[in-house]
Amino acid sequence: MSIQRINLLGVPVDICGPENLENEILEILAKPGTKQIIFLSIWDLLKARGKNDFSECVNNADLIIPISKSILRSAKFLKKPIPVRYNPFSAVIQILSIMESHYKSLFLLGSHNKTLYKAERNLRDTYPALKIVGRYVGYYPKNVEADIVQAIFKSQPSLVLLSDGIKDKNCWPYKRRNSFSSSIFIYYKDAFGIFSERTKRIKEKTFDKGNEIFVELLYNPFKIFLIFPYIGFIILNMWYKLFKKN
C-alpha cells in the first residue's frame, strides 16, 4: 500500500508521501464511479466529527490530505503515525502535472466568468498536454445545474477541479455521486483565483510555519473567533489522550 489511513479524533486522515502521490492518483483514477480527494483543515476535521453530509463525504473520500499543521500536532500528541501535510495549491499543481504526464482530461467548475476564462487560458499554456474538456462558472442559478451535471457526465473528465462559487463545496460531488461515471473531484476554493493571478497565494515559508491563519485574518478579521473551536480542539485532544477513546 502506498498510503496509510489513520483515525484521528474519529475522523479518517491519510498518510501519503509525495513519492507515492502519482501512484495513488492513478490507482484512484482506475476505480469505477465518482472519486474524491479532500484537503482537510483543522476546521474541516472538527466539522467531520458531527453527523452531517460533510462527515459522510469525508468518510467516503478516496484520499484525505491534511493541510493544517494542527492535525500533525494532534497525531503526534496522540502517538499516531504522523501524516504528510500538503499546501493545497502545491498539491493541485502536482496532481495536474500527473494528469498531464498521462494525457488525461480536466473539467473546470467555479468562479466568475472573467476569472475562469483567464484561469483556463493559463492552465492551457502551463499544461499543453492536459485536455480541458469543459468549463462552467460558479454562482450559477439552480435551474442550470442539471446541464452542468450532464456536461460532466458526457465529457467524462479524468479530473474535475471545483473552485469558489460552488455552494456545497466538498459535498457537491458527493451529493451528486450517482450522476457521474469515472471522474476524480477536488474542491479548492482559491484554485481559479490563483491560476488567474487575481488571488495571491500564501508564501511557502508562511505555510510551512503554519502561519497561514494570520494571513487569512488580514482579509477576514472575524476569523479571530476561530480561537474558540481551536480551544475545543485542544480540549478534545486532551480527552482522547486521557481516556484513550481514539
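1. Let's start with a term: a residue is called buried when its relative accessible area is under 20%, exposed when that area is over 50%, and partly exposed in between. Keep that handy, and bear in mind that this is a predicted model.

2. Is N87 buried or exposed? Its relative accessible area is 10%, and the cut-off for buried is under 20%, so N87 counts as buried. You'll find N87 in the loop between α4 (69–77) and α5 (88–101). Have a look at what its side chain is up to: the side chain of N87 reaches the backbone nitrogen of F89 at 3.0 Å.

3. Now try A146, a residue of helix α7 (residues 145–155). A146 is exposed, with 56% relative accessibility. Pick out F77 as well and compare the two positions: A146 and F77 are 69 residues apart in sequence, and their C-alpha atoms are 46 Å apart in space.

4. On to the charged pairs. How many salt bridges does a search of the whole structure find? The count is 12. One of them links K175 and D53, with 3.7 Å between the closest N and O atoms. Because K175 sits in helix α8 (residues 171–175) and D53 in helix α3 (residues 53–59), this pair ties together parts that are 122 residues apart in sequence. Both ends are partly exposed: K175 has a relative accessible area of 41%, and D53 has one of 37%.

5. Another pair to check is E197 with K118, a salt bridge whose closest N and O atoms are 3.6 Å apart. E197 belongs to the loop between α9 and α10, while K118 belongs to helix α6 (residues 113–126), so here the tie is between parts 79 residues apart in sequence. As for accessibility, E197 is exposed at 62%, whereas K118 is partly exposed at 26%.

6. Through shared partners, salt bridges join D53, K142, E145, D168, K175 and R176 into one network.

7. Last stop, the surface. Which residues form a positive patch there? They are K200, K203, K205 and K209. Take K203 as the example: it is found in the loop between α9 (191–195) and α10 (204–208). With a relative accessibility of 64%, K203 counts as exposed, because the cut-off for that word is over 50%.

Key
Residues numbered from 1 in each chain as written. Predicted model: local features only at pLDDT ≥ 70, side-chain atom pairs only at ≥ 80, totals over all residues. Heavy atoms only, no water. Patch = residues over 30% accessible without salt bridge, like charges linked within 9 Å, V, L, I, M, F, W, Y side chains within 5 Å. Areas by Shrake-Rupley, 256 points an atom, 1.4 Å probe, with all protein chains shown as cover. Salt bridge = Lys/Arg side-chain N within 4 Å of Asp/Glu carboxyl O. Lys, Arg positive; Asp, Glu negative; His and termini not counted. Charge placed at Lys NZ, Arg CZ, Asp CG, Glu CD. Helix = DSSP H or I, 4+ residues; strand = E, 2+ residues; numbered from the N terminus. Buried < 20%, exposed > 50% of the residue type's maximum accessible area, 1.4 Å probe, protein only. Polar contact = N/O pair within 3.5 Å; in protein donor to acceptor, adjacent residues only side chain to side chain.
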